[in-house]
Amino acid sequence: MQLRFQYRAYLTPGQCISAARVFGCKRVVWNDALSLQKPRKAANKCLGNPRHRTAEGPYLQIPKAAELGKLLITSAKKSSERAFLTDAPVGVLQQALRDLDKAWKAHEDSKSGKRKGGRVEPPRAKSRKDNRQTARFTASDHFKITKDGRLRLPKIGNVRVKWSRDLPSAPSSVTLIKDRSGRYWVSFVIESDPVADALPTVDGDQGIDLGLSRFAVLADGTHIASPKYLRRAEKKLKRRQRELSRKKKGSSNRDKARMKVARAHAAVADARRNFHHQWSHKLTGENQAVFVETLNVRGMARGRLATSVHDAGWGQFVSFLAYKATRRGRQIVKIARDFPSSQICSACGHRDGPKPLHVRTWACSRPKCRAQHDRDWNAGKNVRNEGRRILTAPTPPTPGPGASRR
């Protein structure tokens, strides 16, 4: 499996200027390629489907990364208008074209149904005013970690990196990132063997019921308090935002105020990410199997509880659980979204019907049971029971090549 290791980087003023040139060259190549592809795709769309054409005319060939590289990189460097492309490594520019092809493929696959999830919008032109910039250096760029612990990036120089942990193996690529708060990061992609990273087998499993008043209630009765990082920083964020709104558009003071707002939001996001890492690390380390419910986060984020839903960050937490479980040799089971975890009595299995959100405790209506339940704790136990059932359920046999599809 592929893993990403991210470290903080500290660039000198001269290296910041060189990095800005690399970001700019990548942006120009991306926009030039997009300006060639979009008109041809629009013209082909006017002709309709090849099987059921709505107009007459030839279909235009859409140039791919290899052809665009010769035209927009190799040949363009020889012209006076694009001579500045020599300020960026060739691998970064070629990777921008490959990323553009992937963006078009994701858009087309989302329309045809080959890609799961919602529809992906077509790629758009990049702006020099974007607050987040990235550049990916591949093996062809010959990036290197020097003996004194610095990262040598072509066209930029030896960058000082804060190595918070060692890289387990040689990286295949590195991405230089400038985030919205003006910080620089380097992100390495490495190949990791899940078997080598697996932990010893332990007894025990855990069901997790995610919530807002309490971040999570576990099947064993313990709960994780909700830190509410965004709510706690709301007063400071409002003050920073008011300061930004008073500044004149296009002024240097407005850019400084925008940076303060971005840094305040980055502090909230960093604290939340650290919280998710700590608890996902703990849960996957202490349990052989983890069961978690599948929530419609996108739908819940449209309602009156949108701020609290975003503040909890359930999607990020579940994704951390998934990759840590895979890396450590653990099992993670996502319970179906329509499973009524809050309606079933965990003691007898009787389905007691839906209940409004303000009902936090209830008693089973079955005369022989009458068990008293805490809503969240009961849901956590039901999630664990359903996860155990899924793990122990026999897998259906795979049909042979001559089996009928009826």
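The model is predicted, so local features require a pLDDT of at least 70 and side-chain atom pairs count only at pLDDT 80 or more, while totals for chains, interfaces and linings use all residues. Residues are numbered from 1 along each chain as its sequence is written, and side-chain values use heavy atoms, with hydrogens and water left out. Helices (H or I, at least four residues) and strands (E, at least two) are DSSP runs numbered from the N terminus.

**The sheet**

- An open sheet of 5 strands has the order E10-E9-E8-E11-E12 with mixed pairing, where two strands pair if DSSP finds at least two bridges between them.
- Strand E10 (223–225) and strand E12 (331–335) are at the edges with a single partner strand each, so one side of each has no neighbour in the sheet.
- Neighbouring strands of this sheet are turned against each other by 20° on average, with direction ignored.
- Strand E9 (residues 214–218) runs antiparallel to E10 and is joined to it by 3 bridges, and Arg214 has Ala225 in E10 as its bridge partner.
- Helix H10 (residues 314–328) lies across E8 (205–210), E9, E11 (289–293) and E12, and runs at about 145° to E12; axes are lines fitted to C-alpha atoms, for helices over the stretch in contact, and angles run from 0 to 180 degrees between N-to-C directions.

**Salt bridges**

- The whole structure contains 17 salt bridges, each defined as a side-chain nitrogen of Lys or Arg within 4 Å of a carboxyl oxygen of Asp or Glu.
- One of them pairs the side chains of Arg214 and Asp374 at 3.4 Å, N to O; Arg214 belongs to strand E9 and Asp374 to strand E14 (residues 372–374), so this pair ties together parts that are 160 residues apart in sequence.
- Arg214 is partly exposed at 27% relative accessible area, and Asp374 is also partly exposed, at 26%, on a scale where buried means under 20%, exposed means over 50% and partly exposed lies in between (1.4 Å probe, protein chains only).
- Arg231 and Glu234 meet through their side chains in a salt bridge of 3.6 Å, N to O, with Arg231 partly exposed at 37% and Glu234 partly exposed at 27%.
- The side chains of Asp376 and Arg360 form a salt bridge of 2.9 Å, N to O; Asp376 lies in helix H11 (residues 375–392) and Arg360 in the loop between E12 and strand E13 (361–363), so the pair ties together parts that are 16 residues apart in sequence.
- Within that pair, Asp376 is buried at 12% relative accessible area, whereas Arg360 is partly exposed at 35%.
- A network of salt bridges links Asp179, Arg183, Asp270 and Arg273.

- Asp101, which is placed in helix H3 (residues 90–112), is buried yet has no salt bridge, and the nearest side chain of opposite charge, Lys64, is 5.1 Å away; Lys and Arg count as positive and Asp and Glu as negative, while His and the chain ends are not counted.
- Apart from neighbours within four places in sequence, Asp101 is in contact (heavy atoms within 4.5 Å) with Gln37, Lys64 and Ala65.
- Helix H2 (residues 65–74) has Ala65, Leu68, Gly69, Leu72 and Ile73 buried; they cover an arc of only 110° around the axis, taken from the directions from the helix axis to the C-beta atoms, which puts them on the same side of H2.
- These buried residues of H2 pack against helix H1 (13–47) and H3, whereas the face turned away from the buried side carries the exposed residues Ala66 and Lys70.
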